[in-house]
Amino acid sequence: MPTTTPYIPVSIQGKPSIPPWIPPSPSKTQQDWAQLHTIELSLLDSDDPKVVDDLVAIAKVAIKEDGFLILKDYGVAFEDLMRQFAIAQYLQTNISEEDKERLLWHPESGLFEGYKHPYGWKRERGTEDGITHFNFYSPEYEDMDKVPTCIRPFMDEITAFSTYLTQSVNRRLLKLLSMVLELPQDYLWENVQSRGGPVAEGYFRHALFRPTKQDFQEQSGGLRMNGDYGTTTLLFSVPISCLQIWGKDGKWRYVKYEPGALVINLGETLEILSGGHFKATRHRVFEPPEDQRDEERLSLVLFNASEGSLRMTPCMDSPLIQREGCIEDQGVYKEFKAVMDAGIPIPTNKQWREAQVASIRDVTKPQKEVIIDGKRMSYREFFGVKVMLPV
């Protein structure tokens, strides 16, 4: 069983010198910040059963109410995290035009692999959105030709960091979620999570959000991106407040900066697997508060993925589901249950996520909408399942 063994950084001796990342100042505006529960992950190692039980109880509430939680004390020192941000900054600043073209992504294939240009969410250029990524899937860790030339001297550091996040932090997080479902502690890791290499079937992202232009702001209404469809997403908290979550009261709220913390959200796969007991968070990346509109937002994110061959069905092994049944009145599970009851073929996890990537929405274009409980909701449909987001 994994414990909180600290992350051991790779030596930087003999490597090119790179500028440190200097975090920008947090917003000084008054905000009605989202109130999220905080988990100290190291407490899972406690010898006191009450400490562990209390941690599971907090996680259960956070998952059911928000689908989001703040993770602290997970084993990475702040200075080691700042080194990873410095590497990401170096990639964004120094990637060559040749590498941008050579490594250009092809999301229509169902993968975000490679370099995202700042012109929308397709391979062909669309509206300029100011967002650039480099997405590291398994092949990027195995073949230096698949990563930008400027970043090759630092791939051992990126690999070690990604591996720790996947095999230590995420594994312990899944242990906690397994305990919420009253399953054996390694159940989700061994039976649901894809495994192997630094990211398995998931991917690690370096992202840079540059200030948007006026025409984009008008066309998008301030929205920059949204949605998660996997198991867990590990997002490092940053000072530029762009992440918003949808509250039970029908309001969007920014998530406040927590230095060194991980912001964890659950994807649709875990909502379906838990029979609706876990909540896939409705969230989005939005324009920051007024005093940060001219700042760049650098971001590091690990998107974890389930085993692609699995079918998306509730885990009836869970004593919680056996005792309380499935929760059929919320979110994507409600839609998914209707499809199952209609006898429509259930997609595999790989089919589900690749369908969503291939049809990623352009935030400047009109979306399909419905009215639910008086709220405008945009939606996309996959395999007969409507995936909805508040407008």
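This is a predicted model: local features need pLDDT of at least 70, side-chain atom pairs count only at pLDDT 80 or more; totals for chains, interfaces and linings use all residues.

User: At what angle do helix α2 and helix α5 pack, and how far apart are their axes?

Analyst: Helix α2, which covers residues 78-94, and helix α5, which covers residues 155-180, pack at an angle of about 130°, and their axes are 11 Å apart. That angle makes α2 oblique to α5, because angles over 145 would be needed to count as roughly antiparallel and 65 to 115 to count as roughly perpendicular.

User: Which residues of α2 and α5 meet?

Analyst: From α2 come L81, R83, Q84 and I87, and they meet E157, I158 and F161 of α5.

User: How many salt bridges does the structure hold?

Analyst: The structure holds 20 salt bridges, and a few of them show how to read such a pair. To count as a salt bridge, a side-chain nitrogen of Lys or Arg must be within 4 Å of a carboxyl oxygen of Asp or Glu. The side chains of D54 and K50 meet in this way, at 2.8 Å from N to O.

User: Where do D54 and K50 sit along their helix?

Analyst: Both belong to helix α1, residues 49-65, and because they are 4 residues apart there, about one helical turn separates them. D54 is partly exposed, with a relative accessibility of 36%, whereas K50 is exposed, at 54%.

User: Which parts of the structure does the salt bridge between D186 and R171 tie together?

Analyst: The side chains of D186 and R171 meet at 2.5 Å, N to O. D186 lies in the loop between α5 and α6, the latter being residues 187-191, while R171 lies in helix α5, so this pair ties together parts that are 15 residues apart in sequence. D186 is buried, as its relative accessible area is 9%.

User: Are D341 and K337 buried or exposed?

Analyst: D341 counts as exposed, at 55% relative accessibility, but K337 is buried, with a relative accessible area of 19%, a value that falls under the 20% cut-off for buried. The two form a salt bridge whose closest N and O atoms are 2.8 Å apart, and they both lie in helix α10, residues 331-341, at a spacing of 4 residues, about one turn of the helix.

Definitions and conventions: Residues are numbered from 1 along each chain as its sequence is written. Side-chain values use heavy atoms; hydrogens and water are left out. Axes are lines fitted to C-alpha atoms, for helices over the stretch in contact, and angles run from 0 to 180 degrees between N-to-C directions. Helices (H or I, at least four residues) and strands (E, at least two) are DSSP runs, numbered from the N terminus. Angles under 35 degrees count as roughly parallel, over 145 as roughly antiparallel, 65 to 115 as roughly perpendicular and the rest as oblique. Contact means heavy atoms within 4.5 Å. Buried means under 20% relative accessible area, exposed over 50%, partly exposed in between (1.4 Å probe, protein chains only).
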